[in-house]
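Here's a walk through one protein model, starting with its sheet and ending with its salt bridges. Have the coordinates open in your viewer as you read.

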Amino acid sequence: MEQGTGNDLLVGTAEVEITPPVGTALAGSLWPRASEGIDDPLYVKAVVLESEGRRLAYGIFDLIAVGRAEGDRAVELASERSGIPCDHIVWAASHTHTGPYSAPLLDQTDGDIDDAWLDGIADAFARCIAEADAAKVPARISRLRGFHTGLAHNRRVVFKDGRAVNTWNLGRAEDVQSVGSAGPIDPEIGILAFDGADGGLLAVLFHFTLHTATNFGPRFSADYPGVVAAQIRERLGSEGSTLFLPGTFADQNSTGPRYQAVGEALASVIAGQLEGRVPLKSATSLGALKREVAVPYRDFSVDQEERIRSSGWSPEAQEVFRREVELMRERGETEATTVLQAWRIGDVGFVSLPGEPFVELGLRIKRESPFTWTYPVGYAGDHLGYLVTPEAWEAGGYESLIARSARPSAEGVSHLVDEALDLLRTLYDEGREP
């Protein structure tokens, strides 16, 4: 950790647009589709905090995913330009399904990624962190939270024979009675607000557990987090930045409202909470820990035909997954070395998970974390694809198929969560009074 003296909190923010040219292939579905315009621009956003001589930076890409190689390059460049240690620079991807290809995904070919554009995101991230660091001013922090119970549903339905089918494939499910949703939702909205010395809003961080696939149209869009950011500025008359903290929403889809309605609903709750914010009086401790972890992959050698057939996908879509299995077998990879990060802002703990985690994993982290408040952040530090529970692996369904976007074994995921909790406990113990 950076060491020093002084207790005053400083906060700075920055935003850098990263929207690629119209016509670039959009990610987020089984097959690429050409972008036709821009609903709202894509950004990388950053907030840098300094307190007690320590600095912490968080950046969020309006992208479906970012792999470790690109993420590490972005962090190293940001550290060089800002002087913030790499371990204290954290990033996530919003997982918008109306952004460009930025990591290996389903049925993607090399031509679907604009390499020149992708090479530029590290520089954009580093510039954003450096600008946010240079913009720091004295600030006060408020911790808030709200709820919205009507936006998300668990997108997996379980049947009497034990298998699970995703909601969009129910029309092709086998003639067996269903026995309900496969799991819970998480309706909590975590909120951190930062005000300048004049009381003006500098930044808002918000955490929510809902898949950023509520637009899914043919135009670039940051999805509902972009709407939330615009709405907060409009409702509060503020020029402050709003940064999304993606929850563990791999199995959480919208109940029906599309991105504008979802964003407005969340912004209404957040704005309502912000109106009553009371800054905390205690010093804001900052900290971060980073750890490399080996994660075993799913067994690609085992025949996957029954798993693919019973998933409910159309025959055409099933061919996508057959190609993905063959590709993974050709590569012969059996594990990945990935990265976990735990970080704290005052009494709030965060842990970054390198893929698309199921909500049950996030809820377990919340329950077992020693921090009073904990928010697990998905799509962060790396992207290994779906992070499923043992129960989900046994039940099958889309997330339990084998593909470049679905690599880690259930046992490997359980190990990741154990390591994440260990990091949180270590970070918590480091921040306790001697």
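In what order do the 8 strands of the open sheet run? The order is β6-β5-β4-β1-β7-β12-β13-β14, and the pairing is mixed. Before going further, some bookkeeping: this is a predicted model, where local features need pLDDT of at least 70 and side-chain atom pairs count only at pLDDT 80 or more, while totals for chains, interfaces and linings use all residues. Residues are numbered from 1 along each chain as its sequence is written, and side-chain values use heavy atoms, with hydrogens and water left out.

**The sheet and its helices**

Strands and helices here are DSSP runs numbered from the N terminus (E, at least two residues, for strands; H or I, at least four, for helices). Two strands pair if DSSP finds at least two bridges between them. At the edges of the sheet stand β6 and β14 (241-246), each with a single partner strand, so one side of each has no neighbour in the sheet. On average, neighbouring strands are turned by 25° against each other, direction ignored. Axes are lines fitted to C-alpha atoms (for helices, over the stretch in contact), and angles between N-to-C directions run from 0 to 180 degrees.

Zooming in on one pair, β4 (residues 43-51) and β5 (residues 54-61) run antiparallel and are joined by 8 bridges. Within that pair, E50 stands opposite R55 in β5.

Two helices lie across these strands. Helix α2 lies across β1 (10-17), β4, β5 and β6, and runs at about 150° to β1.

**Nonpolar cores**

In soluble globular proteins, nonpolar side chains tend to be buried together. A nonpolar core here is a set of buried Ala, Val, Leu, Ile, Met, Phe, Trp, Tyr and Cys residues joined through side-chain atoms within 4.5 Å. Buried means under 20% relative accessible area, exposed means over 50%, and partly exposed is in between (1.4 Å probe, protein chains only).

The largest core has 64 residues, and F61, F125, F208, I270 and L274 have the most contacts inside it. Its largest share, 10 residues, comes from α2. Take I270: leaving aside neighbours within four places in sequence, I270 is in contact (heavy atoms within 4.5 Å) with I189, I191, V204, F206, V228 and I232. There's also a second, separate core of 44 residues, which includes V325, L340, V351 and Y398.

**Salt bridges**

Side chains of opposite charge can pair when their charged atoms come close. The rule used here is a side-chain nitrogen of Lys or Arg within 4 Å of a carboxyl oxygen of Asp or Glu, and by this rule the count comes to 32 salt bridges. Here are three of them.

| Pair | N to O distance | Relative accessible area |
|---|---|---|
| D123 and R81 | 2.5 Å | D123 32%, R81 41% |
| D107 and R323 | 3.0 Å | D107 18%, R323 41% |
| E399 and R156 | 2.8 Å | E399 0%, R156 2% |

What do these pairs link? D123 in helix α2 (residues 115-134) and R81 in helix α1 (residues 68-82) are 42 residues apart. Elsewhere, D161, R163, E174, E306 and R309 are linked in a network of salt bridges.

**A few loop residues**

S311 sits in the loop between α5 (305-309) and α6, and S311 is buried at 0% relative accessible area. Leaving aside neighbours within four places in sequence, S311 is in contact with V165, N169 and L401.

Most residues other than glycine have a negative phi. H95, not a glycine, has a positive phi of about 75°; H95 lies in the loop between β6 and α2 and is buried, at 2% relative accessible area. F216 also has a positive phi, near 60°. F216 lies in the loop between β13 (201-208) and α3 (224-236) and is partly exposed, at 35%.
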